[in-house]
Amino acid sequence: MATWMTRLRDRFPTGGGLNDEDWAGRHGLLTVLLAVFMVFLTLFGLWQGDDSVKELLITDALVLPSLVAARLMRGRRPRSLAVALGFAVSCAGFVALCDGLTEAHFTFFIAVAALALYRDWVPFGGFLVATVVHHAGFGTLQSDHTFGHGPAQAHPLIWALVHGSAVLASAAFQLVAWRFNEIEEKRAREDLNESQAQLGVAFDETPVPMAMFTPAGLLVRTNSAYREWLRLPDELPDGFTIHDLPLSTVDEDQVGMLQLLIEAREPVTATRQFRRLDDGSLIWVQAHGTGIYGPDGDLRLIFVHCIDVTAVRDHEAELSYQVRHDSLTGLLSRKAFEHDLTELLADGAEPVSVIYLDIDRFKTINDGNGHTTGDDVLRALAGRLSQVVPDGALVARLGGDEFIVAVQGPAGSGLRVGNGILAALAEPLTVGGNEKAELPVSVSVGVTTASGSVPADDVVLAADTAMYAAKRAGGNRVQVYTDELRVPVQQKIAAEARVRRALAGDPRLTLPLWFQPVVSTETGRIVGAEALVRMRTPDGEILSPFHFIEAAEETGLIVPLGEHVLRTAVEHLLQWSDRLGYISVNVSPRQLAEPDFVPMVESVLAALPGFDRSRLVLEITETALFTSAVDVSERLNALKRLGVRIALDDFGTGYSSLTWLKSLPADIVKLDRSFVAGLAEDARKASIIEAVLWLARSLGMSTIAEGVEEQADWEALRTAGCPAVQGYFFSKPLPSPEFEAMLLKSIERGTFEGVHLDETMGTAVAG
């Protein structure tokens, strides 16, 4: 029984469920309708005349207290019940004024539907009870005022039951609609609760700090990550706003985060720097804000999630610093300097002076003290420069041992700064780690001044040109740029272009080899030749190496140029195989330092099976021994293992010639022309040459004297026992056809430049 009753009860609406705002709106509407109905009844009763005064007075006397009670009473149900009773009295009064007209009973059906708006059993049921009481009681006592037809007046209870059943039927359908609404609302509420639960979990449990606040800045909701991030209590005090957060804006000129989010109609992302008030640290916060708007378009809430991007910004700042600064010295990098110099020149407020510095003999510091000391010198010099230059100056390390400074100021500022740098470096630099040491350092300084929008590259090039002029003048000085200094630079650029053009064409035509003979002092015959490269210009002019070798060396083009010379020289040696003993080829320091140089020589020789490799001589200058960045002895031994011979060129011009002679695997020593010129009249030169000849013989080396231009020097060298000579006394370098003709003529005649050969004895006799 109880189960049946429970199921029946569950089929009916439970009632209630309206929030205060909705209930107040519905109650106000029904109260107004009741008042309007009362006014209508009053006017209707007055229109009917004196016969209706009694019913009208009774009706108004009962309805008016209901309106007052509906307005003044406390609680939902008393006020709604007053409205329900007012409607019941009004409907009954209207029926009475109409003398029981059947159509007048329709007002009960209207009132039932209206009172269903309360969704409460008390006013709804109260009206139904009042309706039944009216029809049954009043219909029995005054049937003529309740039912307007004879059958009903004769049997009022039956018709009261009929009318009551009709009202109840109408009420039943209201209950069904009411119940369906409750079911749908319950389902919607459950869905909403589930969504809110999911949102709550997503909001509260996410590790990203999130908050909701009103446009006025009042914090409505925060998650645990937000509170933990800002070290807030779990329960925030009432009225807590974003202005109470332990953060203060660093840049006051920026639009406030709250204002930015309020003004943005679309989702917005902004990054701001803040200072934490609890520990004073600086943090970067990236806030993503989305506005939540009401139906009227007004901003209701702002949803924000925050990301602390301090580590990212610090990393970006570190990367930016590394890009803009030299890792060794901390000065500006080349790229950053060029960028800032361009902006400085574009400013045009004052002239800009650029000071270009290069450490004198820095390679000696590196080689003599080690690269660690070299790095210490660069760091110490950077520190000294930073102390000397004016505030606001740009100071950069361009690479290697080159530094550059840019200052704004009137003409002459650059020269004053350059002289100040030299003066500051008069004191040795303090270098080293735990064991400090003082190291004297000098620099070559170039200065130029530019005004207006001048390309930064041109200004730097001008200062660089002046610096090289200072270095060529001996270093440790300041050189101011002039237009005349640009001429050598332009010549170098032109020379580089010529070399590139020549290598791009057919090198056999554009870079032909000329040959200078090497003559034996014993036989007077040509025993070898030195291959010397020339350049043929497009108009047919022949240029000496003076016009292009230096540019080729500086640009690295000497490497492909040297390979061309080597291969072409070997081809000529094969062509003259039965007439010429050997050919020597010069090797530049840049070539010798190339890791592919030895393999290249090996590949050339490997293509010549049966070739006597000792007939190829590679000449290494003494300067190459000092300037090469590789282990020269190891590199020369590798070449020796290939079977070629090594000649030490320009011997006597270096700092430690005898030391090199003893330690290097050389086969031939070539005496520099400075020892040969005037040999016959200079006894000291003769003594030096005799000593070198003796030392070379004791080391198993041969000797060649270069630059022989006089008969007397030739005779003196023969007398001293020098095995071979070369120079203009015999022949200047000649193109291969002319050299070949001279070689054939020498063989046929057995004589060379006044020297004839005793073919039987094989000795040289003066002719």
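Let's start at Arg231, which sits in the loop between α10 (224–229) and β3 (247–249). Helices here are DSSP runs of H or I with at least four residues, strands are runs of E with at least two, and both are numbered from the N terminus. Arg231 is not a glycine, yet its phi is positive, about 55 degrees. Most residues other than glycine have a negative phi. Arg231 is exposed, at 53% relative accessible area. Exposed means over 50%, buried means under 20%, and partly exposed lies in between, with a 1.4 Å probe and protein chains only.

A word on the source. This is a predicted model, where local features need pLDDT of at least 70 and side-chain atom pairs count only at pLDDT 80 or more, while totals for chains, interfaces and linings use all residues. Residues are numbered from 1 along each chain as its sequence is written, and side-chain values use heavy atoms, with hydrogens and water left out.

Back to phi. Arg361 also has a positive value, about 55 degrees, and is not a glycine. Arg361 lies in the loop between β7 and α14 (362–369). Its relative accessibility is 56%, so Arg361 counts as exposed.

Now the whole chain. It has 30 helices and 27 strands. Of its 767 residues, 44% count as buried. The accessible surface is about 39400 Å², and 57% of that belongs to carbon and sulfur atoms. Areas come from the Shrake-Rupley method with a 1.4 Å probe; for residues, only the protein chains shown count as cover. Take contacts, meaning heavy atoms within 4.5 Å. Among those between residues at least 6 apart in sequence, 63% join residues at least 24 apart.

Next, helix α17, residues 456–472. It has 17 residues and reaches 24 Å from first C-alpha to last, close to the 24 Å expected at 1.5 Å a residue. The expected span is 1.5 Å times one less than the number of residues. Which elements do the buried residues of α17 pack against? They pack against α13 (334–347), β7 (352–359), β9 (402–408), β12 (443–450), β13 (477–480) and α18 (486–504). The buried residues of α17 include Val459, Val460, Ala463, Asp464 and Met467. An α-helix has 3.6 residues a turn, so residues three or four places apart point the same way. After α17 comes Gly474, with a positive phi near 120 degrees.

On to Asp326, in the loop between α12 (310–324) and α13. Asp326 counts as buried because its relative accessibility is 14%. Its side chain makes a polar contact with the side chain of Thr329, at 2.7 Å. A polar contact is a pair of N or O atoms within 3.5 Å; within protein, one must be able to donate a hydrogen and the other to accept it, and residues adjacent in sequence count only if both atoms are side-chain atoms. Setting aside neighbours within four places in sequence, Asp326 is in contact with Leu331, Leu332, Ser333 and Arg397.

Ala88 is in helix α4, residues 76–97. Is Ala88 buried or exposed? Buried, at 7% relative accessibility. Not counting residues up to four places away in sequence, Ala88 touches Phe108, Phe127 and Ala130. Its C-alpha is separated by 9.0 Å from that of Val63, 25 residues apart along the chain.

Last, Leu117, in the loop between α5 (106–115) and α6 (121–141). Leu117 is partly exposed, with a relative accessible area of 32%. That's the tour.
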